[in-house]
Amino acid sequence: MYQFDIQAGSKADLYHDLHAALDALTAGEPDGIANMANAAALIWQYLPDLNWAGFYRNVADELVLGPFQGKAACIRIPFGKGVCGTAAATRTPQVVADVHAFPGHIACDAASRSELVVPIVHDGRLIGVLDLDSPQADRFDGEDEAGCVALMTLLAPRLV
C-alpha cells in the first residue's frame, strides 16, 4: 500500500509533492499501462475540482482511451479533433477555460466546463496525452500546465 504526504499548500508545493509521489509509484515499473493507471489515480486523488483524469494513447495516429478515473469516456479521438486531438496534432498543451467556446469540443461528460491536455512525447514520438477535465470554468492555469508538463516529462520514458 502506498501512502504519500501530499500537502494542501500552494500549487507549487502540490505539484512538487505529486512529482515525488509519481516518481515513487512508477520508478522501476516497466509496464506503461500500469504506470498510466497509477498516475491517473494519483492525479485524481490529489488535484482538486476534477471530474475526469486520464490518458489517451497514440495508437496508429489516433487517440485511444487509456487508464482513467471518472465517468465512462469517448474511446477514440482523431488527431486534430477536440481539445485532446488538438494537443496531439500540435504537440502543445491546451488550457481551455471554457470548453463550450472551444471549436469542435468533444463532450464526453456534459458537466465538464474546463480542460487541460498535455501531450506526452518521448524521443520525438507522441505516446499520448494526459487529459484533465473540471466542472468549474477556468479551473486550470499556467501553474497547472507547468506542473502537469513536469509530471508527463517524468512519466514519458516510463510508458514505452
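This is a predicted model: local features need pLDDT of at least 70, side-chain atom pairs count only at pLDDT 80 or more; totals for chains, interfaces and linings use all residues.
Biologist: What makes α1 and α4 roughly parallel?

Modeller: Their axes cross at roughly 15° and come within 10 Å. Angles under 35 degrees count as roughly parallel, so α1 and α4 are given that term. The crossing of α1 and α4 is right-handed.

Biologist: Which residues make that contact?

Modeller: From α1 they are K11, A12, Y15, L18, H19, L22, D23 and T26, and from α4 they are E143, D144, G147, C148, A150, L151, L154 and L155. By class, the residues of the contact of α1 with α4 are nine nonpolar, three polar and four charged.

Biologist: Why are α1 and α2 called roughly antiparallel?

Modeller: The angle between α1 and α2 is about 150°, and their axes are 10 Å apart. The term roughly antiparallel applies over 145 degrees, and α1 and α2 are therefore described that way. α1 passes α2 in a right-handed crossing.

Biologist: What makes up the contact between α1 and α2?

Modeller: α1 supplies L14, L18, A21, L22, L25 and T26, while α2 supplies N35, N38, A39, L42 and Y46. The residues of the contact of α1 with α2 comprise eight nonpolar, three polar and no charged.

Biologist: How do you know that α3 is largely enclosed by the rest of the structure?

Modeller: Buried means under 20% relative accessible area. Seven of the nine residues of α3 (residues 82–90) are buried, so the helix is largely enclosed. The buried ones are G82, V83, C84, G85, T86, A87 and A88.

Biologist: Which elements do the buried residues of α3 pack against?

Modeller: They pack against β1, β2, β3 (76–78), β4 (94–96), β5 and β6. After α3 comes R91, with a positive phi near 55°.

Biologist: What makes D49 and D61 stand out in backbone angle?

Modeller: D49 has a positive phi of about 60° although it is not a glycine. D61 also has a positive phi of about 60° without being a glycine. D49 lies in the loop between α2 (32–46) and β1 (52–58), and D61 lies in the loop between β1 and β2 (62–70).

Biologist: Why is D49 called partly exposed, and why is D61 called exposed?

Modeller: Exposed means over 50% relative accessible area, buried means under 20%, and partly exposed is in between. D49 has a relative accessible area of 39%, so D49 is partly exposed. D61 has 58%, so D61 is exposed.

Biologist: Which residues have the most contacts inside the largest nonpolar core?

Modeller: They are L18, I43, L47, F55, L130, L132 and M152, in a core of 30 residues. Two or more residues of this core come from each of α1 (11–26), α2, β1, β5 (114–122), β6 (125–134) and α4 (142–155). α1 gives the largest share, six residues.

Biologist: What makes the core that includes C84 a second one?

Modeller: The core with C84, which has 17 residues, is separate, and V96, V117 and L126 are among its other members. A nonpolar core is a set of buried residues joined through side-chain atoms within 4.5 Å.

Biologist: Which residues is L47 in contact with, leaving aside neighbours within four places in sequence?

Modeller: L47 is in contact with L14, Y15, L18, L132 and R139.

Methods:
Residues are numbered from 1 along each chain as its sequence is written. Side-chain values use heavy atoms; hydrogens and water are left out. Helices (H or I, at least four residues) and strands (E, at least two) are DSSP runs, numbered from the N terminus. Buried means under 20% relative accessible area, exposed over 50%, partly exposed in between (1.4 Å probe, protein chains only). Contact means heavy atoms within 4.5 Å. Axes are lines fitted to C-alpha atoms, for helices over the stretch in contact, and angles run from 0 to 180 degrees between N-to-C directions. Angles under 35 degrees count as roughly parallel, over 145 as roughly antiparallel, 65 to 115 as roughly perpendicular and the rest as oblique. A crossing is left-handed if the near helix is turned anticlockwise from the far one by less than a right angle, and right-handed if clockwise. Ala, Val, Leu, Ile, Met, Phe, Trp, Tyr, Cys and Pro count as nonpolar, Asp, Glu, Lys and Arg as charged, and the others, Gly among them, as polar.
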